[in-house]
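Please look over the sequence and the model below before reading on. The paragraphs that follow take up one part at a time.

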Amino acid sequence: MEPWTPLDIDPECAGGPEELVERLDAMGPAALSRLLAEEKALLFRDFDITAETLDDVLDRILPNRFGQAPRPATRERNTDDVWTVSGEQPHVAVRPYSRMSCTHAWPARIALFCDTAPAAGGATMVADGARWLASLSRDLRERFSPGVRYVRYLHDGSGLGMSWRDAFATTRREEVEVFLDGTGTEWCWTADGGIQVSRTCPAVITHPVTGTDVWFNEVHRWHPAGCGPGDVLSRVLPVDRLAWNVTFADGSPISGEEVTQICESGAVAATDIPWNRGDLLLLDNVALAHGRRPFTGTRRVHVATSG
């Protein structure tokens with residue numbers, strides 16, 4: 001099978017972001033949607049886009065842009081709907097994952113813009129969800145067919161991990177309950193003042209345009225064996241007090257060996273996209289998962305999403 005790569009869109013002649021805006025306007029949103037569904041990712045390179053000119057381009061490629069609420073603690077906010085991805089732990093790879101697949105409403109598109117390229121490394125890893133699914137064993141695919149259950153424990157202000165006050169940006173329980181109601185989330189306040197929230201989501205979904213089944217979840221990112229945010233906490237806390245955890249849909253545990261198979265299959269399905277300053281990458285968030293290679297120096301990449 002030939003390796004997948006994004007469609008690289010270069011300027012036809014010397015030009016800047018104004019030329020790109022003109023080309024996108026001439027193409028129209030319907031044609032852009034068809035091209036993205038076919039190619040899965042579009043890389044706009046050598047248009048000399050800057051943080052100041054980015055907004056005009058995003059208006060063309062991300063209809064119905066939306067922000068993130070509550071704000072992730074590791075992300076820096078630039079505007080209401082553009083964020084800077086975390087530069088924490090640059091020596092650690094972020095394995096590809098399907099962004100916001102653990103929520104009740106995920107973005108259809110993601111745009112990543114390179115404001116500052118790292119000195120070395122830092123490529124965005126992009127994994128084809130259909131190839132990822134096909135590379136998993138039949139037994140594992142069947143076990144995940146009912147879905148996957150994501151579980152979070154948020155303490156009351158004293159403990160490891162994040163408090164519910166920080167996570168929901170409020171000090172009022174009633175506001176937390178209003179936020180959670182109607183989202184398909186199960187939740188309960190615990191005796192120690194914390195809250196446990198859980199949601200069962202599909203592990204595999206069908207692409208709404210192509211009809212292709214794709215691996216679409218964050219299992220390895222939430223599981224302690226996947227070296228995600230729950231890795232260190234799992235060594236010192238009982239399972240019902242893990243800040244992050246994930247199980248099969250029926251609540252049964254996912255083994256470390258199964259997570260290893262998922263990670264190895266994702267690596268096989270991944271393609272590296274190195275960054276140059278001014279690059280803009282548009283991803284189909286359902287077709288593709290994305291992550292990050294380790295890097296040195298300063299890596300500043302902005303992200304925006306749309307429905």
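A pocket, as the word is used here, is an open set of grid points with protein on both sides within 12 Å along at least five of seven lines, and its lining residues have an atom within 4 Å of a point. The model shown is a predicted one. In general, rolling a probe the size of a water molecule over the atoms shows where empty space is left.

The second largest pocket has a volume of about 170 Å³. Its lining is made up of Ser33, Leu36, Ala37, Ala108, Arg109, His207, Pro208, Val209, Asp284, Val286 and Gly307. Helix 2, residues 29-39, gives the largest share of this lining, with 3 residues. Sorted by class, the lining residues of this pocket are 6 nonpolar, 3 polar and 2 charged.

Four strands form an open sheet in the order 6-18-9-16, and their pairing is antiparallel. At its edges are strand 6 (94-97) and strand 16 (270-273), each of which pairs on one side only. From one strand to the next, the twist averages 20 degrees.

The pairings can be followed along that order. Strand 6 pairs with strand 18 (residues 288-292) over 2 bridges, in the antiparallel sense. Val94 has Arg292 of strand 18 standing opposite. Strand 18 is also joined to strand 9, by 5 bridges, and these two strands run antiparallel. Here Thr124 stands opposite Arg292 in strand 18. Between strand 9 and strand 16, which run antiparallel, there are 4 bridges. Met125 has Asp272 as its bridge partner in strand 16.

How many of the residues of strand 9 are buried? For strand 9 (residues 124-128) the count is 5 of the 5, so this strand is largely enclosed by the rest of the structure. Thr124, Val126 and Asp128 point one way from the strand, while Met125 and Ala127 point the other way, and all are buried.

Strand 7 (residues 109-116) contains Thr116. Thr116 counts as partly exposed because its relative accessibility is 28%. Although Thr116 and Thr298 are 182 residues apart along the chain, their C-alpha atoms are separated by 6.8 Å.

Most residues other than glycine have a negative phi. Lys40 has a positive phi, near 75 degrees, and lies in the loop between helix 2 and strand 2 (41-44). With a relative accessibility of 22%, Lys40 counts as partly exposed. Asn64 also has a positive value, with phi near 60 degrees. Its place is in the loop between helix 3 (54-61) and strand 3 (65-66). Asn64 counts as exposed, because its relative accessibility is 64%.

The last topic is the cysteines. A disulfide is a covalent bond between the sulfur atoms of two cysteines. How many disulfides does a search of the whole structure find? The search finds 0. Cys102 is in no disulfide, and the nearest cysteine sulfur, that of Cys201, is 6.6 Å away. Seen from Cys201, the closest cysteine sulfur is in Cys102, and the 6.6 Å between them is too far for a bond. The cut-off for a disulfide is a pair of cysteine sulfur atoms within 2.5 Å. Cys102 counts as buried at 15% relative accessibility, and Cys201 counts as buried at 5%.

Key:
Residues numbered from 1 in each chain as written. Predicted model: local features only at pLDDT ≥ 70, side-chain atom pairs only at ≥ 80, totals over all residues. Heavy atoms only, no water. 1 Å grid on protein atoms, 1.4 Å probe; cavity = no way out; pocket = protein on both sides within 12 Å on 5 of 7 lines; lining within 4 Å. Points joined across faces, edges and corners; volume = space filled by probe spheres on them. Nonpolar A, V, L, I, M, F, W, Y, C, P; charged D, E, K, R; others polar. Pairing = 2+ DSSP bridges. Axes fitted to C-alpha atoms, helices over the stretch in contact; angles between N-to-C directions. Buried < 20%, exposed > 50% of the residue type's maximum accessible area, 1.4 Å probe, protein only.
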